[in-house]
Amino acid sequence: MSGATLEAYLASCTGNRDDIAREVAAVIQRLAMAALEVRKLVNQGALGTAFNGTRGGSNADGDLQKELDVLCDDLFLSCLQGAPVACYASEELENPVLLDPNARLAVAIDPLDGSSNIDTNISIGTVFSVLPAVKGPGSDPVQSFLQPGNRQLAAGFFLYGPQTALVLSLGKGTEIFIFSNRLGCFVQGYKSVNIAERTSEFAINMSNYRHWEEAIRLYVDDCLAGSEGPRERDFNMRWIASLVADTYRILARGGIFLYPADGRKGYSQGRLRLVYEANPIAFIIENAGGAATTSVTRILDLVPENLHQRVPLVFGSRREVARVARYHVDPNMIGERAPLFGKRGLFRA
Ligand SMILES: O=P(O)(O)OC[C@H]1O[C@](O)(COP(=O)(O)O)[C@@H](O)[C@@H]1O
Ligand SMILES: [Mg+2]
Ligand SMILES: [Mg+2]
């Protein structure tokens, strides 16, 4: 335990540097203020005026919008007015909003992640990504968000759970801050989180089993076979259906998360969005010593084609993520699974 406040931590990272790092720090402070407003709304549950119900509308991706989705989006957008942010992109808005054209940063947000869980009192959160704004004569604000995730200057998420937490990476390690009721601010709870390389816990929505491609099915089959299968050890399973909560668990005790592509209509690229979900989570996970891929390709190297693009997402303990890739590309995996499982070869016709 370190005990530095978020403010002190950000000051120690930026020092007296009068550069973009200070602007990133200012943005994070503003987001933290808005997150505390969201926390109040979430904590009130059904007693809050804006808590229940859908808007009747849908977001740019066709998802049904909850009242809180829209309210949180408004809160984060307004907290960035006057901040050094050129443009703001959100899951809830079809196009980016232009803020200060002279500013150097771009912020992409999933204002409320896991919002299908709102009514069930399960942890939900806000995911954010900070990028350098792309400048140029007549440049469209969307260009700022079509940069690969490896250009992120910072990424993080707020978790509205039993503890309100901020998971943050400025590109050198991943830190966890917890909101202190006593001090009224975020205080560092865990320093330089390090995800265990090995794990025996996987997270996936098993109800989609029949829709997955075979490589994912075989990977999961092998986990389920436990000590009697090729993994020769038993696996545990978790699925919170809230990306932020599943990520926090993996940071805390290791594990692997999979939301692969599947055969359902609209899921050919999985469910999660590259720019404001997969990229920030991948940045946090890599900075904590883990890995994040599409199953095969590193998430942070992908060049987004559009703001709301979906992407298959696999992340967590490094060795396990590498193993999932091998089920896709390595014919020797069949050999490794033989003789018990050899008949269902990975590359069968
Ligand atoms: O309900 P499913 O298909 O298991 O999907 C759960 C996933 O969808 C999400 O809720 C998508 O995020 P939003 O709630 O922001 O749309 C993730 O948090 C979660 O991992
Ligand atoms: Mg989300
Ligand atoms: Mg959302």
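Colleague: Which residues are the closest to ligand 1?

Modeller: A residue counts as near a molecule if its C-beta atom, placed from the backbone, lies within 6 Å of it. In this predicted model, 12 residues surround ligand 1. The closest are D113, G114, N205, A241 and L243.

Colleague: How are residues and ligands labelled, and what limits apply to a predicted model?

Modeller: Residues are numbered from 1 along each chain as its sequence is written, while chains are lettered from A and ligands numbered from 1 in the order in which they are written. Local features need pLDDT of at least 70, side-chain atom pairs count only at pLDDT 80 or more, and totals for chains, interfaces and linings use all residues.

Colleague: From which domains does the shell around ligand 1 draw at least three residues each?

Modeller: An automatic or database domain assignment supplies the bounds. The shell draws at least three residues from each of domain 1 (6-190) and domain 2 (201-344).

Colleague: Which element gives the most to the side of domain 1 that touches domain 2?

Modeller: Residues are in contact if their C-beta atoms, placed from the backbone, lie within 7 Å; 37 residues of domain 1 contact 28 residues of domain 2. Strands are DSSP runs (E, at least two residues), numbered from the N terminus. With 5 residues, the element that gives the most is β6.

Colleague: In β15, what is the bridge partner of A291?

Modeller: Two strands pair if DSSP finds at least two bridges between them. β14 and β15 (residues 313-316) pair in the antiparallel sense over 3 bridges. The partner of A291 in β15 is G316.

Conventions: Contact = placed C-beta atoms within 7 Å. Helix = DSSP H or I, 4+ residues; strand = E, 2+ residues; numbered from the N terminus.
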